[in-house]
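This briefing is intended for a reader who is meeting the structure for the first time. Please keep the sequence and the model in view while reading.

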Amino acid sequence: MKNIAVIGAGTMGNGIAHTFAQFGYKVHLIDISKESLQKGLDTITKNLDRMVAKEKISEADKKETLANIKTFIDIPSGVKNVDLIVEAATENVNLKLKIFEQLDNNCGKDVILASNTSSISITQIAAAVSNPERVIGMHFMNPVPVMKLVEIIRGYNTSDKVTNTIMKLSEKLNKVPVEVNDYPGFVANRILMPMINEAIETLYNGVAGVYEIDTVMKLGMAHPMGPLQLADFIGLDVCHSILEVMYNGFKNPKYAPCPLLTNMVRAGKLGVKSGEGFYDYSENRKAEVIAAQFKK
């Protein structure tokens, strides 16, 4: 397995492409616009520059990594002659189903189809292709080049051969793969998102402020980042989408997104990506707490 296609040049997609390319794989990075692809390549270049500055890789390693990546603006061209396709598009079930239908029509029947979804059913996604045994979840963590975990999700029909192949491939990327079964939120987000949602509820109910909630969890529970800051880093829209998937999947009100989270997403306050969430990420504020708007 030497040729990999990655669909989506956003935060997760460019991180996945970077990781495969750094380990010597030939990567086809696919997105719908040249602008998105260039932005993804710019991010990869900046991250490689940081690694060079920290002497984790050489300048030659950086150049080789970038040379391993080719960009495409359409799926049919991008998936030619690849062994594995990793879909890393927006966390939207209808979009993912449409992509997998296209993959089924445009790539070889032996190509493994993986989704980086963090919550959507692999079994549901696999139903969009003619041979669902080759579909698997490959949930990388952000930032992909740094984080060790890859959550490997088996759909109802995923074969042992495909699972074993992806487990071994993840290890070749110097990752730690963990196999889990296909239920809403899998393991990582089934545990993480209710905690983040409860932190937002705690803020919404006026129990404590942003700084206080995050400080309690960092200093009291040894979390490297507080749950509200982590939500900003993940993206409040992503958190909201994952919670909705779990709420719809389990029909349990404990997974319902907090009204404050819903309103922030509607207002476009999405965290780091929009420059403002529970913290202000603008240049002059540098991630200060936005305290006033959360006061009762």
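The structure is a predicted model. The chain has 296 residues, and 47% of them count as buried. Its secondary structure comes to 12 helices and 10 strands. The radius of gyration is 20 Å, close to the 19 Å that the globule rule gives for this number of residues, so the chain is as compact as a globular protein of that length.

**Overall dimensions, contacts and surface**

- The C-alpha trace of the chain spans about 60 × 45 × 35 Å along its principal axes.
- Considering contacts between residues at least 6 apart in sequence, 65% join residues at least 24 apart.
- The chain has an accessible surface of about 14,600 Å², and carbon and sulfur atoms account for 53% of that surface.
- There are 33 positive and 32 negative side chains in the chain, and the centres of these two sets lie 2 Å apart.

**Annotated domains**

- An unreviewed UniProt entry assigns residues 3-182 the annotation "domain: 3-hydroxyacyl-CoA dehydrogenase NAD binding".
- In the model, the span 3-182 is 43% helix and 22% strand, and its end C-alpha atoms lie 27 Å apart.
- The annotation "domain: 3-hydroxyacyl-CoA dehydrogenase C-terminal", also from an unreviewed UniProt entry, covers residues 185-281.
- Over residues 185-281 the chain is 62% helix and 2% strand, with 28 Å between the end C-alpha atoms.

**The loop between strands E6 and E7**

- Strand E6 covers residues 135-140 and strand E7 covers residues 149-154; valine 146 lies in the loop between them.
- Proline 143 is also found in the loop between E6 and E7.
- The peptide bond joining asparagine 142 and proline 143 is cis, with omega at about 0 degrees.
- Valine 146 has a relative accessible area of 60%, so it counts as exposed, the cut-off being over 50%.
- Valine 146 and aspartate 232 are 86 residues apart in sequence, and their C-alpha atoms are 19 Å apart in space.

- Glutamate 55 is not a glycine, yet it has a positive phi of about 60 degrees.
- Glutamate 55 sits in the loop between helix H2 (34-53) and helix H3 (59-67).
- The relative accessible area of glutamate 55 is 73%, so this residue is exposed.
- Asparagine 174, likewise a residue other than glycine, has a positive phi near 65 degrees.
- The position of asparagine 174 is in the loop between helix H7 (160-172) and strand E8 (176-181).
- Asparagine 174 is partly exposed, at a relative accessible area of 45%.

- Valine 176 has its place in strand E8.
- With a relative accessibility of 46%, valine 176 counts as partly exposed.
- Leaving aside residues up to four places away in sequence, valine 176 touches Lys148, Leu149 and Val150.
- The C-alpha atoms of valine 176 and valine 245 are separated by 26 Å, and the two residues are 69 residues apart along the chain.

**Serine 121**

- Serine 121 is found in the loop between strand E5 (112-115) and helix H6 (122-126).
- Serine 121 has a relative accessible area of 23% and is therefore partly exposed, since buried means under 20%.
- Serine 121 and valine 245 are 124 residues apart along the chain, and their C-alpha atoms are separated by 9.1 Å.

**Serine 282**

- Serine 282 lies in the loop between strand E9 (279-280) and strand E10 (288-289).
- The relative accessible area of serine 282 is 25%, so it is partly exposed.
- A distance of 9.1 Å separates the C-alpha atoms of serine 282 and valine 272, which are 10 residues apart along the chain.

Technical notes
Residues numbered from 1 in each chain as written. Predicted model: local features only at pLDDT ≥ 70, side-chain atom pairs only at ≥ 80, totals over all residues. Heavy atoms only, no water. Helix = DSSP H or I, 4+ residues; strand = E, 2+ residues; numbered from the N terminus. Rg over C-alpha atoms; globule rule 2.2 N^0.38 Å. Buried < 20%, exposed > 50% of the residue type's maximum accessible area, 1.4 Å probe, protein only. Contact = heavy atoms within 4.5 Å. Areas by Shrake-Rupley, 256 points an atom, 1.4 Å probe, with all protein chains shown as cover. Lys, Arg positive; Asp, Glu negative; His and termini not counted. Charge placed at Lys NZ, Arg CZ, Asp CG, Glu CD. UniProt positions renumbered as here; feature names shortened; annotations may be inferred.
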